[in-house]
Amino acid sequence: MDFKRIGLAGLLGFGAVASCGPAFAQPQAAGRVVLTPHRAVYDLVLDPSEPSKNIDSAKGRIAFDFTGDACEGYALSFRQVTQLDSSEIGSRTIDARTTSFEAGDGSSYRFKTESTSGAGAPEIIDGTAQKQGAGYEVSLRAPTKDLHREAVDALFPNAQMKAVIEAARAGRNTLNVRLYDGANNGKEVYETLSVIGKRIEGKPTETALQRPEFEKLARWPVKISYFKVGSGESTPAYTIAFELYENGITGAVRLNYGSFALRGTLTRLDLLPQTDCAK
């Protein structure tokens, strides 16, 4: 398992931010997905419902800040720290930080990730992706300078999030899209399969979401599996499951890396000012 692969950054992300009325407090209009700017903290523990290989216990935290809109673009600052303990291989702490910016129309994506796993200098992935014709072009500054092109198109993280929400609203049970988020060496692309359940009714289970405005919002159980393009593997590289609100906020998160799984509880949520963007 490559512990530096932090796929949750793209699913949770979700310029100047002018103050305005609480657009998040009302159900959103059909046909238009508005991602709500917010800060969130998730506490992580080992998921006992999934098998673990050589991992006895785990704990950690995800914290991020997501701002912007479809007019100005979306900015994300994300950090995940995870401590893994094993009687066979000892203790290890993985620390990954990501900053990114995605154009509101999904046409370009800038990203930088720094990750460490123990002593030594951090591994850095720094680059820009831009839609080009039927595909896209990636310009990397780190770990080495490189330029490569993909002939087949892929969505960037926030565009993927919107596509899942649109599919859920339409009553679809599955969604297949390609995703590029700058992971690992900055060249990998994933085929994703989203399985969407029926709309969830009733009060949210997590305290941070037990607010009147969230009881009015539609939400669905979603599980997304990620398959490396070209690997020939029928088993996903990892999966993420969560409750997805129609404004892009997620709760009841589960991360399955294959050899172990984590459960995330939303312990803090701050809703940020939101512009009145017409796109």
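Trainee: What does the secondary structure of the protein come to?

Mentor: In this predicted model, the protein has three helices and 14 strands.

Trainee: And how much of it is buried?

Mentor: Of the 279 residues in the protein, 49% are buried, while the exposed surface comes to about 12800 Å², with carbon and sulfur atoms supplying 49% of that area.

Trainee: Which residues have the most contacts inside the largest nonpolar core?

Mentor: Those are Phe 64, Phe 214, Val 222, Leu 255 and Leu 269, in a core that has 53 residues. Helix H2, which covers residues 157-169, gives the most to this core, with six residues.

Trainee: Switching to strands, how many bridges join S1 to S14?

Mentor: Nine bridges join S1 (residues 38-46) to S14 (residues 261-271), and the two strands run antiparallel, with Val 45 standing opposite Arg 263 in S14.

Trainee: What about S13 and S14, how do they run?

Mentor: Strand S13 (residues 250-256) is antiparallel to S14 and joined to it by four bridges; here Leu 255 stands opposite Leu 262 in S14.

Trainee: Which residue in that hairpin takes a positive phi?

Mentor: That is Gly 258, with a phi near 95 degrees, in a hairpin that has four residues between the strands S13 and S14.

Conventions: Residues are numbered from 1 along each chain as its sequence is written. This is a predicted model: local features need pLDDT of at least 70, side-chain atom pairs count only at pLDDT 80 or more; totals for chains, interfaces and linings use all residues. Side-chain values use heavy atoms; hydrogens and water are left out. Buried means under 20% relative accessible area, exposed over 50%, partly exposed in between (1.4 Å probe, protein chains only). Accessible areas come from the Shrake-Rupley method with a 1.4 Å probe; for residues, only the protein chains shown count as cover. A nonpolar core is a set of buried Ala, Val, Leu, Ile, Met, Phe, Trp, Tyr and Cys residues joined through side-chain atoms within 4.5 Å. Two strands pair if DSSP finds at least two bridges between them.
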